Amino acid sequence: MNFQKQIFKGLLGPFVSCPRVSISLKCYDSPCVIHSADEAPGENPEATGLFVLRPESVTATKGKDITFVAKVDSSSLTRKPAMKWLKGKWLDLISKAGKHLQFKETYDRNTKIYTYEMSIIKVVDGDAGGYRCEVTSKDKCDSCAFEVSVQAAQEDQQDNILEAFKRSGDAGEDAGELDFSALLKKRKEKKPEGPKEEVDVWEILKAAKPCDYEKIAFQYGITDLRGMLKMLKKMKGEPKKSDVFLSKLDPAYSVDHGRKIQLTVELADPNAPIKWLKNGQEIKPSAKYVFENVGNKRTLTINKCNLSDDAAYECVVGEEKSSTEVFVKEPPVTITKLLDDVHTVEGEKVVFEVEVSEEGASVKWMKDGDELNRDTAGSKYRFKKDGKKHILIINEATREDIGTYYAFTSGGESKAELEVEEKELEVLQSIADLTLKAAEQAVFKCEVSDEKVTGKWFKDGVEVEASDRIKISHIGRTHKLTIDEVKPSDAGDYTFVPDGYALSLSAKLNFLEIKIDYVPRQDPPKIHLDTSGSGNKNVITVVAGNKLRFDVEVTGEPAPTVCWSKGEQVVCEAEGRVRVETRETLSSFVIEGAERADEGLYTITVANPAGEDKAEIFVRIVDVPNPPENVKCTSVGEDSATVTWDPPSFDGGVPIKGYLMERKKAPSGRWTKLNFDAYEATTYEAKRMIEGVLYEMRVFAVNGIGISQPSASSQPFMPIAPTGEPTHLLVDDVTDTTCALKWRPPEKIGAGGIDGYIIEYCIEGSDQWVQANEELVTKNQYRVKGLPVGEKMLFRVVAVNVAGRSPPATLFQAVTIREIMENPKIRLPRSLRAKMITLVGEKVNLVIPFQGKPRPVVTWFKDDVLLEDKSIGIRTSEVDTILFIRSAARSHSGKYTLSVQIENVSDSADIYIQVVEKPGPPISVVVTDVWGFNAALEWKPPKDDGNCEILGYTVQKSDKKTEDWFTIYEHNRRPNCTVSDLVMGNEYSFRVFSENICGLSEVPGISKNTAVITKTGLLHKTTPFQEKDLSSSPKFTAPLLDRSVIAGYTAAISCAVRGNPKPKIIWMKNNMIIEGDPKFLMQNNQGVLTLNIRKPGLFDGGRYSCKAVNAFGEDSVECKLEVRALQDQAKK
């Protein structure tokens, strides 16, 4: 009926908008039923009460918002429940999420309750109807149905038919659904000036003449005249029954994607030809479409349905037809790999990646409820598809991008949090003070961590402008200010200020004026250092990898010689990484790319004829520290883990300020920062982790120079909560010194599983628990040994996994350690209560369980005599005894008695074994009498019956001519028989096999004499043979069929003919005889004629005929061959 309503909505749309028209819908046929190809009742999981709060039916006001809330208790569930919001029977609302429909999910860890919300924004008439929410979790499910009705707002609203054709939602043409249901809603009419009588237009149209239809439509405001006429014709024709169809197609069918569906009609005439049409085009039989004719029924089977099969189908018989529609339902697309949370800094690229179950599926991206697509995202977001992977890329993250990002498919959703921290600017190399003389070059250089940062240079607070003498450069992370030919006016304070950061780097330029005084006497050399004469060592600190240039002013007259040395090694003036440069009174010590080996005490010695001076300088090389060592996880929790590490072996010459931590999921390659400020301790607790997921951690060391390389990744670890306590702990057995316990696994195990169990015991009244097992017990049972006799003991069991020990399961009552007396009893298997029959040479293996405490004494007897046969093996345990014979012999037959005894109490059981084999042959087989065509045969039973009863005999005969043996009697019970129907003139021998339950004897008993059937005076007359005339003219028994083939693929046409004498076969194309053409191969196999056409072209199409000719006549058949191009097929 719902399907018919949807048809009426499309046809009656123009009528509903007219306030003067009242339309009544009547069903003239049976209700419409939509069949599903794969519905299987009874496959739904068990219905249970999972809802704590259910949505209720409401009446909403048009244009207002409404929210439905459902709460699910997950305390009894082993996995997260899946929630579906449905409208009608199977419309999944999750796939319609957008501005009109919004969904929200929250979880309370304390109460373990999931809260699901569905909000309808700005309710429209099309939102009215029945809704259903379903929650499933493994083998449990629950559902709740509720209704939504829509009422108009209080103010008068103008009826507008176009509103019904608008889609719900604000996301463009494809958002939401067409609101056709608004056409059939009762619309609020404006109050007319006077009362108007409602008119049934259909009654007027049915009673009117066809020439008045247009006038009536104009009078009542009907615009869709064609739709009106179609509907009127259908209404008039419905009561009429079909003379051709006994049963027609249903109005509609539904089928899942990839399944098959069958459309069946029943005809009144079983010989009537039919055609199947799809969207008006005739369907040809193929592997996709299969036609079946069974009696009056005609069936069309559509295999592997896809979206192209979603169409209208018709079955045409003569002038009548039966129509239906097939709806193909796409399976929901699920998410197989969820989104990961991202923690980054401003300016970095962010990548969200999700993987779905099918390639080419549609994924909707949203941020905080707002949809992200190519039209609205601009250059900020990029969307990529790689097979089943869907990727959202944020080029340069900012603080505005913080929020929750969602990925929706038709069958699931995933969300992830994005956190963006402000990026701090680090100074890698600051500018240094300079002291220069006139005409020298001043270079101020600094290095920051971000290559994109720009800045300005200031001198005494005034911005420095570039000129021919002053150059400002920015290359990568290095900013440089160069001043050529320094003047006294260039002296002052220089500052570099990065743009956008509250940071400044300052240095001073000192101008050195040189005054030369002529002194006609010699001056001793002197080294001018800032701290010379103080007696302390001068220390210069250099960052590894940087350049060191240490200028030392040297005076003396005449000019002294300068020598630099490190220990006993003299640093020569040469081109190299470590060198000395001398310019007039200035000696410069240079180290290019300082290394750790360059650290040490350096000595500068100057000398001239007037004296000598010496100074020592200690060069200290500092660097980033080595990576931390031995990173490992020491403990885990439900959503956390504690990680420890050792400090780096080398701190870089500068104290360690702290550490930075990163983590990642084990299969992923993307690391997430856990802190941005240095963490001083060497133990860190990482939180907000997902239970059951493998993680890895690594650590960076930070000192005043920078950040070290990352440490080696820790071993993968998994946040896991301890399991619940074991259940159903009970005592299985007690002896004088042992106690056997049994239990069941915990109800809540978690993702970490169970490594094993620990069993502990203590004496009643004491709290000193003793562990009974040294290694973990993997089974759910254990026997505690070495217990004191007569003591009352308490026992408990603890489950252990990587997260630690679970709460203990304890026996509530103490157990007294004392053996319990139990009478012996044999549990004889049912199969051994009857006689056991076995063949000679086979194995015999009897396992008989028994019970009794203490352990009973087991004794075996054969025929009431103690069993001492060495060929029979016996093994006995605490609970059963085994008797086995490797190769049974007839001597092993007899009665076997098993006896179990504890003190004066005993129990016994008898087992009968019969070992059998095939019998021997019968003896004394003789022919006792012969008369007519009969012979009497007798014999005696065999001497060896195989240790069992003879069931019968098999008798065979053989004549002297052929000497072949034929069976004449089977299972003959008596030791004699009469053989009849013997052939006259033959001499017969006989043999007899004896038979028991093992089969026939290996050797038969052969008769000592023979039976001779003598001839009599009979005469047989034979009729003369007359040859039959089989001559006939040729006639084709199977015709040629029209065919349509693809160019380039070998084709064949065939038919069948009969005739005597064998007819001559002639093949023709377009009435031209085919002969001598290698393209055609003609075959004749037992009257089946085949013409093979090798790789036909378009010009090979036409009419082909086959003619058969012999002396009595001729016959011919023909067909049409159509050759299609391959590209034509692709276009179709």
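## Strand pairing around β73

Strands β72 (residues 894-902) and β73 are antiparallel and are joined by nine bridges; strands are DSSP runs of E of at least two residues, numbered from the N terminus, and two of them pair if DSSP finds at least two bridges between them. This is a predicted model, in which local features need pLDDT of at least 70 and side-chain atom pairs count only at pLDDT 80 or more, while totals for chains, interfaces and linings use all residues. Residues are numbered from 1 along each chain as its sequence is written, and side-chain values use heavy atoms, with hydrogens and water left out.

Gln901 has Ser906 in β73 as its bridge partner. The two strands form a hairpin with two residues between them, and Glu903 in the turn has a positive phi of about 55 degrees. Strand β73 (residues 905-916) also runs parallel to β66 (residues 836-839), to which four bridges join it. Here Ile837 is the bridge partner of Gln914 in β73.

## A nonpolar surface patch

Ile837 also belongs to a nonpolar patch on the surface, together with Leu951 and Ile997, with about 250 Å² of accessible area for the three together. Accessible areas come from the Shrake-Rupley method with a 1.4 Å probe, and for residues only the protein chains shown count as cover.

Leu951 is located in the loop between β75 (934-940) and β76 (952-959). Leu951 counts as partly exposed because its relative accessibility is 31%; buried means under 20%, exposed over 50%, and partly exposed in between (1.4 Å probe, protein chains only).

## Loop residues with positive phi

Lys304, which is not a glycine, has a positive phi of about 50 degrees. Lys304 is found in the loop between β20 (297-302) and β21 (312-317) and counts as exposed because its relative accessibility is 65%.

Ala439 has phi near 70 degrees, likewise a positive value in a residue other than glycine. Ala439 lies in the loop between β33 (434-437) and β34 (442-448), and is exposed, with a relative accessible area of 59%.

## Cis peptide bonds

The peptide bond from Lys853 to Pro854 is cis, with omega near -10 degrees. Pro854 is in the loop between β67 (844-853) and β68 (857-862).

Key:
Patch = residues over 30% accessible without salt bridge, like charges linked within 9 Å, V, L, I, M, F, W, Y side chains within 5 Å. Salt bridge = Lys/Arg side-chain N within 4 Å of Asp/Glu carboxyl O.
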